[in-house]
Each structure stands twice: as structure tokens, then as C-alpha cells.
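This note goes through a protein structure point by point, for a reader who is new to such models. Please keep the sequence and the structure in view while reading.

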Amino acid sequence: MAESYLLETRELTMRFGGLLAVDALDLRVAAGTIHAVIGPNGAGKSTLINLLSGIYRPTRGAIVLDGRDVAGRRPYEITRLGLSRTFQNIRLFHALSVVENVMVAEHFRAGITFLDALLGTPRARRGEARLRERARAALQFVGLAERADLPAAHLAYGQQRLLEIARALATEPRLLLLDEPAAGMNRREAADLMERLRAIRDQGITVLLVEHNMRLVMGVSDQVTVLDFGRKIAEGPPSAVQRDPRVVEAYLGQEARHA
């Protein structure tokens, strides 16, 4: 039986003037998997995430999400089609509570008009209650339910990372893009994140993960793609990728292969 791909890129290319950040990339992400994208600094990983989520418009190539080419669509349109993301640099509303930060992400699904919100109609109140209930469920899933009513600024750094994941999950995505979710986490927090990523996959949500923490990547991924200077140099299960000489050279240099 043919494997089902939720996301495909075809000849995906991104130029910034004379810099070729992503170079004719063909990527396939199977539904129901955790797929990691790794590579040294400057390999094009974050550019790829920004292309997939609609922040950048590709120079050329296709981005096919569940059978639809979404290349060049606006971020909110891509979110409505089932893709949500987190950011390498945490982007929270620190003056809002933890639960309110999650609710912000859901408002496009609430069915509340501006007039409803302005007048505080029964429909607006019902919609707000539904948003809050879904937001608390997302916080429960990432282990932040007890902190729901605290200001987001009061969370530790690792907890802020989890809040971003909860906010992305609240949009009920089919594909979740995570840009360096373990950045700044200690070993215990990263191990806990691995378990939560497996739980997300087990709920039927596909995960595309950009990450520098190799312990996490090799421990949780079903498939790994390696980029270097915007090009794919290796791909496969973690056990095969970490033995690939091209990967060793890209990360550590030629001499590491003979150490």
C-alpha cells in the first residue's frame, strides 16, 4: 500500500538576493509521523519552516498540504487548512494569562462577529466559554493546567515553550511545525518534551520538527532529513542518518570522520 504523505515540497527554492537559502528541496512528510529536519547553522531549516507556514513566499516550487498547493498563501489561510507552528524565538503575550494566550490562537474558529464581541451577546459569551474550555484542555495536555490563570510572564522558560505548543495545538492542526522547541530546556525538560511529542503523534497529529538537540531528535523521530547549504544531503530513519558520512562531515568537518 502506498504511503500517505500529508506534506510534500517539490523543487522548493528560496533566494534572498544572491543567497540561495533553500535549493530545489523535495521533502515528503508521512501522515502520523514525527519527521525531523536537522543541519548545521545556516542550513536553511528556519527558512523552510517560514516557507511552509506562509511567512515567506518561495522563489519557485510547490508546497502541497493534504493535496493542496499552499505556496504563497497567507499564514492565516494555511492555519485554516490544518497547519500550525511554534517559533524559535518565543512569541507570547506576557501581560495576558496563560489560558488567554491559548485562546488568542483559537479566535478565528469561534464564530463570533465583531458586533457580538462589542455588545457581549449570548453568542459571544457561549463562544468565549468554548474557547476557554478548549484552551484549558490544550494546557492539560502539555502539563500547564495548574498555571492556566497565571500571567504568561511568570512561567519558566521551558514552560513558555510548552505554552507555545499548547497554543498551536488549540487550532486543532493536522500538521504541527515546531521550530527549536527544546531550545533552553534542561535534560529533564527535554525528556518530558519527547514524551509529549509522542503523545501528540499518537493523537493523529503529524509533527515536523526542526531541532538542534540530537538526543531528542534521534530518540523521538520516525524519519530525519538533513540539510546543508539549503540542499538535502541525507534522509532516512535516525539510526541510518547518524551513521551517514555526509552528515558527520556537515556537522563536524572532514577530520571527524577519521578521529
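1. The model is a predicted one. Under this scheme, Gly 82 is placed in the loop that joins helix 2 (75-80) to strand 6 (83-85).

2. Is Gly 82 buried or exposed? Buried means under 20% relative accessible area. Gly 82 has a relative accessible area of 9%, so this residue is buried. When residues up to four places away in sequence are not counted, Gly 82 touches Pro 173, Arg 174 and Leu 175. The C-alpha atom of Gly 82 is 9.9 Å from that of Ile 205, although 123 residues separate the two along the chain.

3. As for the whole protein, the secondary structure comprises ten helices and ten strands. The protein has 259 residues, of which 49% count as buried. Among contacts with a separation of 6 or more, 65% are between residues 24 or more positions apart.

4. Helix 1 (residues 45-52) is mostly covered, since seven of its eight residues are buried. The buried residues are Lys 45, Thr 47, Leu 48, Ile 49, Asn 50, Leu 51 and Leu 52. Just after helix 1, Gly 54 has a positive phi of about 90°.

5. The largest pocket holds about 500 Å³ of space. Its lining consists of 21 residues, and those closest to the centre are Thr 79, Ser 84, Arg 85, Phe 87 and Arg 167. Helix 2, strand 6, helix 3 and helix 6 each supply at least two lining residues. Which element gives the most to this lining? Helix 2 does, with five residues.

6. Arg 167, one of the residues closest to the centre of the largest pocket, belongs to helix 6 (residues 157-169). Its relative accessibility is 13%, so Arg 167 counts as buried. Not counting residues up to four places away in sequence, Arg 167 touches Arg 91, Leu 92, Phe 93, Asn 101, Val 102 and Ala 105.

7. Phe 93 also belongs to a nonpolar surface patch of about 230 Å², together with Leu 96 and Val 104. Val 104 lies in helix 3 (residues 98-106) and counts as partly exposed, at 37% relative accessibility.

8. The whole structure contains 14 salt bridges. In one of them, the side chains of Arg 60 and Glu 11 meet at 3.6 Å, N to O. This pair links distant parts of the chain, as Arg 60 is in strand 4 (residues 60-65) and Glu 11 in strand 1 (residues 5-16), 49 residues apart. Arg 60 is partly exposed at 43% relative accessibility, and Glu 11 is partly exposed at 37%.

9. Asp 66 and Arg 174 form another salt bridge, at 2.4 Å, N to O. Asp 66 lies in the loop between strand 4 and strand 5 (68-69) and Arg 174 in the loop between helix 6 and strand 7 (175-179), so their pairing ties together parts that are 108 residues apart in sequence. Arg 174 is also one of the residues that Gly 82 touches.

10. A further salt bridge joins the side chains of Lys 232 and Glu 235 (3.3 Å, N to O).

How values were computed
Residues are numbered from 1 along each chain as its sequence is written. This is a predicted model: local features need pLDDT of at least 70, side-chain atom pairs count only at pLDDT 80 or more; totals for chains, interfaces and linings use all residues. Side-chain values use heavy atoms; hydrogens and water are left out. Helices (H or I, at least four residues) and strands (E, at least two) are DSSP runs, numbered from the N terminus. Buried means under 20% relative accessible area, exposed over 50%, partly exposed in between (1.4 Å probe, protein chains only). Contact means heavy atoms within 4.5 Å. Patches are made of residues with over 30% relative accessible area and no salt bridge: like charges are joined within 9 Å, nonpolar side chains (Val, Leu, Ile, Met, Phe, Trp, Tyr) within 5 Å. Accessible areas come from the Shrake-Rupley method with a 1.4 Å probe; for residues, only the protein chains shown count as cover. A salt bridge is a side-chain nitrogen of Lys or Arg within 4 Å of a carboxyl oxygen of Asp or Glu. On a 1 Å grid over the protein atoms alone, a cavity is a set of points where a 1.4 Å probe fits but cannot get out, and a pocket is an open set with protein on both sides within 12 Å along at least five of seven lines; lining residues have an atom within 4 Å of a point. Grid points are joined across faces, edges and corners, and a volume is the space filled by probe spheres set on the points.
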